[in-house]
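Here are a few exercises to work through with the structure open beside you. Try each task before you read its solution.

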Amino acid sequence: MSGTALACVPAGVRLLPVLTVPSTATVGPLADALAAGGARCAEVTFRTPGAEGVPDDGIGRTARNGLNFVERGDGIPGALGVSDRAHTAVSRMRDWDAVFSAGVRWFHTGGIFAGLSDTTVDVADEAMAAARRHDVTVSYDPNYRPSLRAGRGGAGRAREVDLRLAGQADVVVGVLGLTGTSPGQTRIGADEVADALAEPAGLLPGAKVPATTLRDVPSAGINDWSSAAWSPETGYVTGPRMPALHVLDRIGSGDAFVAGLIDGLLSGSGPERALAYGTAHGALTTTTPGDVSMASLAEVEALIEGGSAHVRR
């Protein structure tokens, strides 16, 4: 889509799929026109020979960062460079009160978005604060990635950002990543999880449900998989235990867990049932390639009730 085609954007549209621009010079006008037309969110891809000329934040030049990538190497790897992540249209299109007054029930973000540049943390902070003003449930996943923080404060800066943002969340997923003095520093055994959840719960008194996946990795192809959470109403609870889960591609299983957990909590299930949804959804995602779930709700519920992790087609 070029800047001259924006008159075709339908009234009332608030989310647009990936847009392809003919040249980097059109990116700014494109964002301005989308915002003026009422669109609140869009993803722009730089499929142009001039993309490398766009000012970038210097992140991702030595690490692969892609939306879809396969752990075992049988897929197309992510690009080594992702241009312009620090200067994207999101900074021009954030009327958060308009977004959250339109019936939104849940807002989720995490450390990957917050770590994309030195300013994305402010965008996330603004969005979370606006969500809370509109009584929208907020969740946060620290999801630490060393390559995003290399040369920009490292694990220490990531910890500062996580505590700043997670402090605004009702649900914090991957909460064990906040234990210790830096992300991922502390190795926690299965018998230590209940006590370990108490540490981040003390740091985040506003979090109603701190939750975590539990993964033991005997080998790349076999994982033991479960989850745990805490809430004032239930205390410490665990999800179903799935030992010796055969892994095709574990990428995306954590996000699938988050999606299942959120779905369970949104539907009014208690933390224990929501953990079951998250655990089953994450398990099923490991049985398919790529980081996008192919599981149906029926398959998730069948696995919860004791079925296999085989996706039925």
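A nonpolar core is a set of buried Ala, Val, Leu, Ile, Met, Phe, Trp, Tyr and Cys residues joined through side-chain atoms within 4.5 Å, where buried means under 20% relative accessible area. Keep in mind that this is a predicted model.

**Exercise 1. Get an overview of the chain.**
Task: Find how many helices and strands the protein chain has, and what percentage of its residues is buried.

Solution. Start with the secondary structure, which comes to 11 helices and nine strands. Next, turn to burial: of the 313 residues in the protein chain, 43% are buried. Finally, look at the contacts with a separation of 6 or more: 62% of them join residues 24 or more positions apart.

**Exercise 2. Explore the largest nonpolar core.**
Task: Identify which residues of the largest nonpolar core touch the most other members.

Solution. This core has 28 residues, and those touching the most other members are Phe100, Phe107, Met128, Tyr140, Leu165 and Val172. Now see which elements contribute: helix 2 (96-100), helix 4, strand 4 (137-141), helix 6 and helix 7 (193-196) each supply at least two residues. Helix 4 gives the largest share, seven residues. Apart from this core lies another, of 25 residues, including Ala229, Phe257, Ala274 and Leu275.

**Exercise 3. Describe how helix 4 packs on helix 6.**
Task: Work out whether helix 4 is parallel or antiparallel to helix 6.

Solution. The axes of helix 4 (residues 120-133) and helix 6 (residues 154-166) come within 10 Å and cross at roughly 15 degrees. Angles under 35 degrees count as roughly parallel, so helix 4 is roughly parallel to helix 6. The crossing is right-handed. On the helix 4 side the contact uses Val121, Asp122, Ala124, Asp125 and Met128, which meet Arg157, Val161, Arg164 and Leu165 of helix 6. Sorted by class, the contact has five nonpolar, no polar and four charged residues.

**Exercise 4. Follow helix 10 to its two partners.**
Task: Decide how helix 10 is oriented towards helix 9 and towards helix 11.

Solution. Take helix 9 (residues 253-266) to begin with: its axis and that of helix 10 (residues 271-285) come within 7 Å and cross at roughly 150 degrees. Angles over 145 degrees count as roughly antiparallel, so helix 9 is roughly antiparallel to helix 10. Helix 9 passes helix 10 in a right-handed crossing. By class, their contact has nine nonpolar, eight polar and no charged residues.

Then move to helix 11 (residues 297-304), which packs with helix 10 at about 110 degrees, the axes being 9 Å apart. That angle makes helix 10 roughly perpendicular to helix 11. Among the residues making this contact are Tyr277 and His281 of helix 10 and Leu297 and Val300 of helix 11. Here the classes are nine nonpolar, one polar and three charged residues.

Technical notes: Residues numbered from 1 in each chain as written. Predicted model: local features only at pLDDT ≥ 70, side-chain atom pairs only at ≥ 80, totals over all residues. Heavy atoms only, no water. Axes fitted to C-alpha atoms, helices over the stretch in contact; angles between N-to-C directions. Helix = DSSP H or I, 4+ residues; strand = E, 2+ residues; numbered from the N terminus. Parallel < 35°, antiparallel > 145°, perpendicular 65-115°, else oblique. Left-handed = near helix turned anticlockwise from the far one by under 90°. Contact = heavy atoms within 4.5 Å. Nonpolar A, V, L, I, M, F, W, Y, C, P; charged D, E, K, R; others polar. Buried < 20%, exposed > 50% of the residue type's maximum accessible area, 1.4 Å probe, protein only.
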